[in-house]
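Here are a few notes to read with the picture open. Follow them point by point and find each spot as you go.

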Amino acid sequence: MKNVLSQKIIWLFVACVLVLYSHTAYATNPQFTSVPENCVITGNDFSYPITVEDADLDYVDITTDHLPSFLQLHTTQTVSTVVGGQSGFANGSFSEAQITHPGSIIFDKNYDIGYLVDYDNHMIRLLDFTTEQISTYIGSAGPGYQDGPVASAQVYYPSSMTTDGNGNIYLTEHRGHRIRKIDTINGTVSTIAGNGTVGDVDGIGINVRLRNPVDIVMGENTDTLYFVDAYNHKVKKVDLTNNHVTTIAGSTQGFADGTGASAQFLYPYGIEIDPAKEHLYIADGYNHRIRRLRLADNAVTTIAGNGTGAAARFDFPYDVEFYPDGSLYITDYNNNLVRKMDVDTREVTTILGSTSGFQDGNANQALFHNPTHLKITSDGDVYVSDRTNVALRKIDTQYFITGTNLNNTGEFPFSVIATDVHSESAEQDIHLRIGDGIFLSDMEDIYREISSNEDAVTVTWDEPSVQNFCGNVITDAIVTSNHNSGNNFSVGHTHVIYDAHKGTYADQKNFNVYVSRTSEDDVEIHRPRGITLTCSSQDHTAFIAWDDNSKGEDIYQIQRKIDDEQWRTIKRITTRNRKNYTDTDVEDGHIYSYRVRIFADDTHTKWSENVSCVLSGNDAKKSVVATVLSKAQNSITKKQKKHEVHEEKDDIQAPQSLNAASHEEICTQWHWIIWCICIAITLVVTASFTSPLTLITAIIVIIVWYIFDTCHHAVWVPIFTFVATIIGRVIVFFEKSENK
């Protein structure tokens, strides 16, 4: 009896560990890698390109909270060419390589390696997205059929691919009339179904006869494949446990909704399974329709296409693929379009394309010529095989918050929220200020707002709110010439000038107020602008550059921040007219942020905008749009703001009571401590299996921990403990029943 009890306890412990790990292994929150310009001069435009990085490569949706009515959140999609554009065969860099009639593309788990069908070259090409090099993975320059090692294997007019996520790729041979399997781990190729003979025969392995299969997709599990046998006008299924092929829908060519053999297709080319694994979506080419097949009973219905009036119409829909947000992307072959459908409302919209052509750019510029296969990654990148242009194209989506001609004055706080498909989220608080451009103050801190009417300048003696001001503070300045009509504002009087954004003293907004420094030298220092950052994991360097818009400067001070640490000075440059600096002390796995300011005499400019990059071992390649930023990553969460201590002097760092990193460490420690306590309580209490105290204890632990939970996801620990406890009680119940 004791041995049985011990086994139960061990299994309960293992179950808790496995369940907890399965949840936390993919529970990484998205992270903002952009920061907006938070101050706008009245009458100017506002634009914030939002970039987010998710370590799990999940799709991230962007929403806002309390967004002012004069701002809008929207998306833009941009097309670029990955490889191709010139028909032929050549390996090498993406920009120089050649392909012919690209088919589908499959990626490894990290999207570093892509396998691309090269139809007319009878090859599978390997694309290394880290080095941007293309090579030949399978095949030679000519048709053939050969199983075996990838180095000697041959394929015959390959078309489409799918993967089980375990290193196996399944491939259709359009004119080879076969289904092939590529084991990328062992480097072998084998035949699943078909023997190269044209026909329509279900069965097992090489006894099967197909006729021009095109698209293929994994089914409800890794033991099932579905594909369209295009020229037999059917949808078929492969049981990978025995390579048995059966027809699940379709018969003779035509058009008819119905169940199984009563349904009809006309050259179906594309197939996709929905995220719930309940339906197949089929691009029914020459019927110009999108069809839906319910897997529970193989019933086929038409959901879009061949409509009249406002209803959607296609001209040979070629492929279908689900986007992470649940919408269905469609390549409209003869219309040269990429389109999107809401499968619930069945509304179809055009995303990109118009007339036939070959042009990269935004939605108003991009052109395709006979787009065919689609591949959409988990984080929302869309790849399109552009057949006649012999190119693989990529569609990037970026979120923007924009506003034009902002005339509202004041401070407008709002939040941007990034949420991934696992409901993990991050929030960025933005305090947008909209204000006037230039203010002057004398040494008594009396503010004067300057306004202009043609050539006349008026100085208003009101005290404007600091929060309504957008601009830089330039000290130690005198008015050398002006036409103002205000009192006590004369030439030669020392003032502090607040100069907005553009860093110029003279003729800002035609105010005709001219200032210069009190120094006898010809000195003008401005806040460094146009700052950019280029990071390289390969060279372990960060290259910072800025515009040289000052003269007579004495020192360039460069500061660096690693992850959530304090800012620290890493270099003081005493050479004038410097425009760049290279930091050679950077390592992978960290976020590096930089800022620059300029000194002259006893004064200095404000810090430049911050710029940041994330070094991840592959030049920070993967993000929603880009990981190397032109803006600062200085967004601080609400919790961080409460504990942030700003430095008061250069190189003197005030200690932080609790920064973001230490908070996470504490959370991690308590997470495991509480988890171990919960497991211990469960083991002790369930050792008897005779008292309802087991369930009561687990429930109390859940309630108490939920109330005092300060670490994200820690509440899952007692919940899983509770589940394990219930399992133990069920086991005991059945044991007692058997003993009776």
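**Notes on a hairpin, a disulfide and a loop**

1. Start with the hairpin made by S42 and S43, which has 4 residues between the two strands. Look for His540 in that turn: its phi is positive, at about 55 degrees. Keep in mind that this is a predicted model.

2. If you want one to find by eye, Arg529 has Asp547 in S43 as its bridge partner.

3. S43 has another neighbour to look at: 4 bridges join S43 to strand S46 (residues 580-583), again in an antiparallel run. Here Ile544 is bridged to Tyr581 in S46. Why is S43 described as largely enclosed by the rest of the structure? Because 5 of its 7 residues (541-547) are buried.

4. The structure holds 1 disulfide, and it joins Cys535 to Cys613 with an S to S distance of 1.9 Å. The link ties together distant parts of the chain, 78 residues apart: Cys535 sits in S42 (residues 529-536) and Cys613 in strand S49 (residues 611-615).

5. Last stop: Ser327, in the loop between strands S27 (317-322) and S28 (328-332). Is Ser327 buried or exposed? Its relative accessibility is 9%, so Ser327 counts as buried. The side chain of Ser327 makes a polar contact of 2.7 Å with that of Asp325. Leaving aside residues up to four places away in sequence, Ser327 touches Glu321, Phe322, Lys340 and Met341.

Technical notes
Residues numbered from 1 in each chain as written. Predicted model: local features only at pLDDT ≥ 70, side-chain atom pairs only at ≥ 80, totals over all residues. Heavy atoms only, no water. Disulfide = S-S within 2.5 Å. Buried < 20%, exposed > 50% of the residue type's maximum accessible area, 1.4 Å probe, protein only. Polar contact = N/O pair within 3.5 Å; in protein donor to acceptor, adjacent residues only side chain to side chain. Contact = heavy atoms within 4.5 Å. Pairing = 2+ DSSP bridges.
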